[in-house]
Amino acid sequence: LTLAVLCGTIMGLTACGSDDDSNSNNTPPVTQPNEKQLISGTAAAGAPIVGQVTVKDAVGQQKTVDIEIDGKYTIDVTGMTAPFIFHAYGKVGGRDVNLVSAATSDDVNKTINITPFTDLIVANIAGQAAVKYFENPQFEKLTTEDLNLAKTTLTQRLLPILKDLNIADGFDLLRSAFKADHTGFDAVMDAVRVSVDENTNKALIKDVINQTQIEDDLASKTDNTILPDPVVPLAGATSDLQAISQQLTAFSALFSQGLPSVASLRPLFVSDGSFLQEGQDLETFLEVELLDPENKGIVLSSPVILKRISDTELNIRLQISGPDGWIESDEWIFKKEGSIWKIKGNQSPVEQDIESVNVRTMAGMYNNSETLYARKLESWVGYAPNNVAYIQITGPGLASPVLMVRQSDNWVGWGFVKSNNTIDPTTWLSECGQQIQFSPCVDFSKVGNDAIYTFQPLNINKEKVLTSYTKNLERPP
């Protein structure tokens with residue numbers, strides 16, 4: 001298998017800013033001739049963003065810079081006109097991220113971070129998803145007073161989390177410097193996940209350790225519900241994440257010079273026989289998947305907590321990158337044996353994935369060409385045990401359970417069952433109203449970010465076999 005296929009199977013705390021709005025009219029500060037005007041900060045979301053930052057000023061000028069490996073960025077805004085809006089885009093844990101922040105002339109030569117929380121600050125000012133606001137910003141809304149007000153409101157909503165992780169009272173979500181190393185304020189982003197629905201203009205702020213959440217209505221200026229006090233202390237979970245990060249570093253080191261031995265890999269995995277990865281036991285996974293020659297030089301990094309399963313188990317999303325520069329993501333469960341976190345696999349009995357697909361079809365390429373665009377939901381099936389004949393899928397946008405059926409052998413030939421009991425030989429579900437006759441479809445208007453789909457393997461008699469499993473759709477196409 002190529003690594004692309006492997007990725008489908010394996011998976012400082014003092015305040016730096018000021019709330020003084022005396023310069024909220026964004027008049028440029030007095031500078032000496034040839035003095036550079038810089039804005040810098042950290043771009044992170046549970047791990048450093050691997051990507052770039054673009055700044056746009058009040059008259060439409062733009063500049064783009066690369067984000068450093070530790071999440072730091074610096075951008076020269078000399079000659080540009082405040083206020084500024086920033087867009088950080090790239091990958092965290094192998095998944096796409098798009099985050100926004102903003103600054104006024106007061107912030108020149110100071111720190112401006114770009115995180116899920118700065119994204120929410122801008123979104124609450126804009127009344128819509130910040131990434132959409134970046135496309136056509138109304139700069140008159142970006143004043144020091146408005147930024148500070150939105151920042152203060154969000155800080156109050158996060159206060160139980162900030163106190164639990166001992167973040168200093170004066171910490172400024174927008175302007176205080178921090179390191180993306182799972183300590184200090186960065187640990188807050190390990191424990192809290194923000195998901196913005198661009199269609200409804202609502203966001204969920206979720207404590208992934210305690211599985212509590214609040215809704216942030218971006219269109220409301222009175223929305224101020226506070227996250228519940230954590231029952232399970234967050235500091236322990238974030239220190240566990242640091243330990244898991246060290247395990248990923250040890251894993252990567254074994255592949256840095258070639259392919260390691262099975263014996264050298266085995267101590268990184270659970271020893272109680274509970275390992276399961278896409279239907280494969282530990283020995284099969286190690287010998288068949290990991291020791292493929294294509295895996296030389298792979299690096300595992302940037303772990304992000306998806307869910308605390310128990311005191312000794314965490315569901316983690318991680319980044320997998322290759323020597324040629326490609327980046328993918330996978331989800332693994334880590335189990336604590338003694339004081340060491342070991343890899344347990346994703347515990348899925350079947351190799352299956354679900355993802356968004358944008359399709360462009362060109363008809364009449366050379367004469368009277370017409371270009372058509374469509375959105376699809378793809379559910380690709382790789383390995384499934386021989387007793388699995390069907391897989392039933394339920395989740396957002398599906399009016400009723402959808403059946404996939406095996407057409408040939410363990411690795412190929414899955415398709416969707418149509419309402420007339422024939423087979424649509426594709427792994428793509430079309431948007432409702434665009435599907436072929438009798439085929440199932442998906443209503444994307446009901447699919448938000450981080451949608452969860454459940455898969456139930458069935459035998460030839462459509463009876464349940466094996467355990468069900470879930471997959472996360474990061475966002476609709």
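1. The disulfide. In this predicted model, cysteine 432 and cysteine 441 are joined by a disulfide, with an S to S distance of 2.1 Å. A disulfide is a covalent bond between the sulfur atoms of two cysteines. The count for the structure comes to one disulfide. The torsion about the S-S bond of cysteine 432 and cysteine 441 is about 85 degrees, so the disulfide is right-handed.

2. Its two ends. Are these cysteines buried or exposed? Cysteine 441 has a relative accessible area of 17% and is buried, because buried means under 20%. Cysteine 432 has a relative accessibility of 36% and counts as partly exposed.

3. The four-stranded sheet. Look next at β10, β11, β12 and β13. These four strands form an open sheet in the order β10-β11-β12-β13, with antiparallel pairing. The edges are β10 (299–310) and β13 (340–345). Each has a single partner strand, so one side of each is left without a neighbour in the sheet. Neighbouring strands here are turned against each other by 35 degrees on average, direction ignored.

4. Follow the pair β11 and β12. Strand β11 covers residues 313–321, and strand β12 covers residues 327–337. They run antiparallel and are joined by nine bridges. One place to check is asparagine 315, which stands opposite isoleucine 333 in β12. Strands of a sheet pair through backbone hydrogen bonds, either parallel or antiparallel.

5. The helix on the sheet. Which strands does helix α7 touch? Helix α7 (residues 234–255) packs on the sheet and touches β10, β11, β12 and β13. The direction of α7 makes about 145 degrees with that of β10.

6. The second largest pocket. Which element gives the most to the lining? Strand β10 does, with five residues. At least two residues of the lining come from each of α7, β10 and β11.

7. The three-stranded sheet. A second open sheet to inspect has three strands, in the order β7-β8-β9, paired antiparallel. Its edge strands are β7 (192–197) and β9 (212–217), and each pairs on one side only. The twist averages 20 degrees from one strand to the next. Six bridges link β7 to strand β8 (residues 202–207) in the antiparallel sense. Valine 192 stands opposite aspartate 207 in β8.

8. A covered helix. Helix α2 lies across β7, β8 and β9 and runs at about 35 degrees to β7. How many residues of α2 are buried? The helix spans residues 116–126, and eleven of its eleven residues are buried. Among them are Phe117, Leu120, Ile121 and Val122. Asp119 and Asn124 are buried too. Glycine 127 follows α2, and its phi is positive, near 80 degrees.

9. Strand β23 (residues 469–473) has a covered face and an uncovered one. Tyr469, Lys471 and Leu473 make up the covered face. Thr470 and Asn472 make up the uncovered face. In a regular strand the side chains alternate between the two faces of the sheet. Strand β22 (residues 451–458) runs antiparallel to β23, joined by five bridges. Which residue in β23 is the bridge partner of phenylalanine 455? The partner is tyrosine 469, a residue of the covered face.

Key
Residues numbered from 1 in each chain as written. Predicted model: local features only at pLDDT ≥ 70, side-chain atom pairs only at ≥ 80, totals over all residues. Heavy atoms only, no water. Disulfide = S-S within 2.5 Å. Buried < 20%, exposed > 50% of the residue type's maximum accessible area, 1.4 Å probe, protein only. Pairing = 2+ DSSP bridges. Axes fitted to C-alpha atoms, helices over the stretch in contact; angles between N-to-C directions. Contact = heavy atoms within 4.5 Å.
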